[in-house]
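Below is a short briefing for a reader who has not seen this structure before.

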Amino acid sequence: MGIDDANIPHKAEKFTQILWPQGNTSFCKTIQSYLEQLSKLDQTIRRMIVESLGIEKYMDEHMNSINYSLRLMKYKEPQSDETKIGLHAHTDKNIVTILYQNQVKGLEILTKDGQWINVDPTPNTFTVMIGDSLHALTNGRIHAPFHRVMVKGNEARYSIGLFTIPKAGYMIKAPKELVDEEHPLLYKPFTHLEFITFSYTEEGMKCESALKTYCGV
């Protein structure tokens with residue numbers, strides 16, 4: 001289940017009404033509080049990235065260029081000791097993903113040297129992953145990892161993800177300060193919606209990297 005434009009208060013209220021037509025004030029307040037606190041974490045992360053790359057002149061533009069999407073996810077227990085795919089390997093297409101998961105293991109990330117490693121859930125911690133859009137925006141400086149979910153056993157896995165998504169029409173392009181002889185331009189400018197649309201085409205789903213195929217230089 002998901003809430004698009006989750007940072008807009010009435011969106012959470014509308015989502016709550018779908019599940020509980022009679023209303024559920026407690027759930028709605030919990031979601032809004034969670035979004036408020038996690039959006040601050042997202043903003044801190046993105047500010048750190050912009051500052052570390054020395055492109056503070058674009059800070060306001062970048063901070064104001066996004067919306068949030070909240071996803072509530074359940075991976076059914078396979079009722080087996082054999083490990084099965086809960087979610088195929090992929091990169092996120094957005095800017096930043098902040099993930100919280102219950103105690104059930106399953107999330108795996110592919111390292112740069114080609115090894116799959118487990119991301120074991122730890123109480124009161126979040127997993128932060130970079131998406132293709134931020135990878136392109138930083139001209140490849142920030143890595144967007146492939147990840148997947150592998151499940152086994154007889155206990156369901158739950159996770160909740162906050163996805164930072166570029167606003168409609170916002171052009172994702174690397175600042176000129178991040179392009180030079182040592183770091184040539186990797187991707188042509190694109191909008192998130194156009195990129196997502198391509199990603200779900202037959203070509204986009206079959207290629208190794210939808211981002212490189214769609215707008216690679």
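**Helix pair**

H1 passes H2 in a right-handed crossing (the near helix is turned clockwise from the far one by less than a right angle). This is a predicted model, in which local features need pLDDT of at least 70 and side-chain atom pairs count only at pLDDT 80 or more, while totals for chains, interfaces and linings use all residues. Residues are numbered from 1 along each chain as its sequence is written, and side-chain values use heavy atoms, with hydrogens and water left out.

- Helix H1 covers residues 9-19 and helix H2 residues 25-52; they pack at an angle of about 145°, with axes 9 Å apart.
- On H1, the contact (heavy atoms within 4.5 Å) is made by Pro-9, Ala-12, Glu-13, Phe-15, Thr-16 and Leu-19, and on H2 by Phe-27, Cys-28, Ile-31 and Gln-32.
- By class, this contact has 7 nonpolar, 2 polar and 1 charged residues.

**Gln-101**

- Gln-101 is found in strand E4, residues 96-101.
- The side chain of Gln-101 reaches the backbone oxygen of Val-119 at 3.5 Å.
- The side chains of Gln-101 and Arg-157 are joined by a polar contact of 2.4 Å (a pair of N or O atoms within 3.5 Å, one able to donate a hydrogen and the other to accept it).
- Leaving aside residues up to four places away in sequence, Gln-101 touches Leu-107, Val-119, Pro-121, Thr-127, Arg-157, Tyr-158 and Ser-159.

**Annotated span**

- UniProt, in an unreviewed entry, lists residues 65-166 as "domain: Fe2OG dioxygenase".
- The end C-alpha atoms of residues 65-166 lie 6 Å apart, and the span is 6% helix and 54% strand.

Key: Axes are lines fitted to C-alpha atoms, for helices over the stretch in contact, and angles run from 0 to 180 degrees between N-to-C directions. Helices (H or I, at least four residues) and strands (E, at least two) are DSSP runs, numbered from the N terminus. Ala, Val, Leu, Ile, Met, Phe, Trp, Tyr, Cys and Pro count as nonpolar, Asp, Glu, Lys and Arg as charged, and the others, Gly among them, as polar. UniProt positions are given in the numbering used here, feature names are shortened, and annotations may be inferred rather than shown by experiment.
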